[in-house]
Amino acid sequence: QVQLVESGGGVVQAGGSLRLSCAASGNTFTFSRSTMAWFRQAPGKERDFVSAIAWGDWRGGSVYYADSVKGRFTISRDNAKKILYLQMNSLKPEDTADYYCAWKGSYTNSKYPSVYDYWGQGTQVTVSS
């Protein structure tokens, strides 16, 4: 089992910034050889891919972004601390959603939620205009 706990959400004005964190614990001995991702879900909508970072011998640090956040969001991870980050800049009202951290114990470049094995509870981000 892997537990994921997100933090860092809040209310921010358009154009502002937030940094989300996701702390992993539990059976994470493969943390350094895994893929971690951020998804988001707005009210009444499906859960959408935001960004992912894969780390391991097969790929090193491969990073992927949704087109809607490229150039504004930056994903990173601290393998020693087992923490995933999402730096969000130039936030827009359409970024408002619950943000979820996800983990898969192997490499993937998939943008489908069903591929990931573990999920956090989510943290709410609200961007006011």
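A polar contact is a pair of N or O atoms within 3.5 Å; within protein, one must be able to donate a hydrogen and the other to accept it, and residues adjacent in sequence count only if both atoms are side-chain atoms. By that definition the side chain of Thr-123 reaches the backbone nitrogen of Gly-9 at 3.1 Å. This is a predicted model, in which local features need pLDDT of at least 70 and side-chain atom pairs count only at pLDDT 80 or more, whereas totals for chains, interfaces and linings use all residues. Residues are numbered from 1 along each chain as its sequence is written, and side-chain values use heavy atoms, with hydrogens and water left out.

**Overall fold**

- The chain has zero helices and eleven strands, where helices (H or I, at least four residues) and strands (E, at least two) are DSSP runs numbered from the N terminus.
- The radius of gyration, taken over C-alpha atoms, is 14 Å, close to the 14 Å that the globule rule (2.2 Å times the number of residues to the power 0.38) gives for 129 residues, so the chain is as compact as a globular protein of that length.
- Along the principal axes, the C-alpha atoms of the chain fill a box of roughly 40 × 25 × 25 Å.
- Buried residues make up 43% of the 129 residues in the chain, with buried meaning under 20% relative accessible area, exposed over 50%, and partly exposed in between (1.4 Å probe, protein chains only).
- Of the contacts (heavy atoms within 4.5 Å) in the chain with a separation of 6 or more, 59% are between residues 24 or more positions apart.

**Nonpolar core**

- A nonpolar core is a set of buried Ala, Val, Leu, Ile, Met, Phe, Trp, Tyr and Cys residues joined through side-chain atoms within 4.5 Å, and the largest one here has 32 residues, with Leu-4, Trp-38, Phe-73, Leu-84, Leu-86, Met-88 and Tyr-99 having the most contacts inside it.
- The largest share of this core, five residues, comes from strand 9.
- Leaving aside residues up to four places away in sequence, Phe-73 touches several residues, including Val-50, Tyr-65, Leu-86, Met-88 and Tyr-99.

**Strand 1 and its neighbours**

- Strand 1 pairs with strand 3 in the antiparallel sense over six bridges, pairing being counted if DSSP finds at least two bridges between two strands, and Ser-7 stands opposite Ser-21 in strand 3.
- Thr-123, which is in strand 11, counts as buried because its relative accessibility is 10%.
- Not counting residues up to four places away in sequence, Thr-123 touches Glu-6, Ser-7, Gly-8, Gly-9, Leu-20, Ala-97, Asp-98 and Tyr-99.

**Two loop residues**

- Ser-110 lies in the loop between strand 9 (97–104) and strand 10 (118–119), and this residue is buried because its relative accessible area is 14%.
- The side chain of Ser-110 reaches the backbone nitrogen of Tyr-112 at 3.1 Å, and, with residues up to four places away in sequence not counted, Ser-110 touches Phe-49, Val-115 and Tyr-116.
- Asp-67, found in the loop between strand 6 (60–65) and strand 7, counts as exposed because its relative accessibility is 64%.
- The side chain of Asp-67 makes a polar contact with the side chain of Lys-70 (3.2 Å), while Asp-67 and Val-50, 17 residues apart in sequence, are 8.5 Å apart in space, C-alpha to C-alpha.
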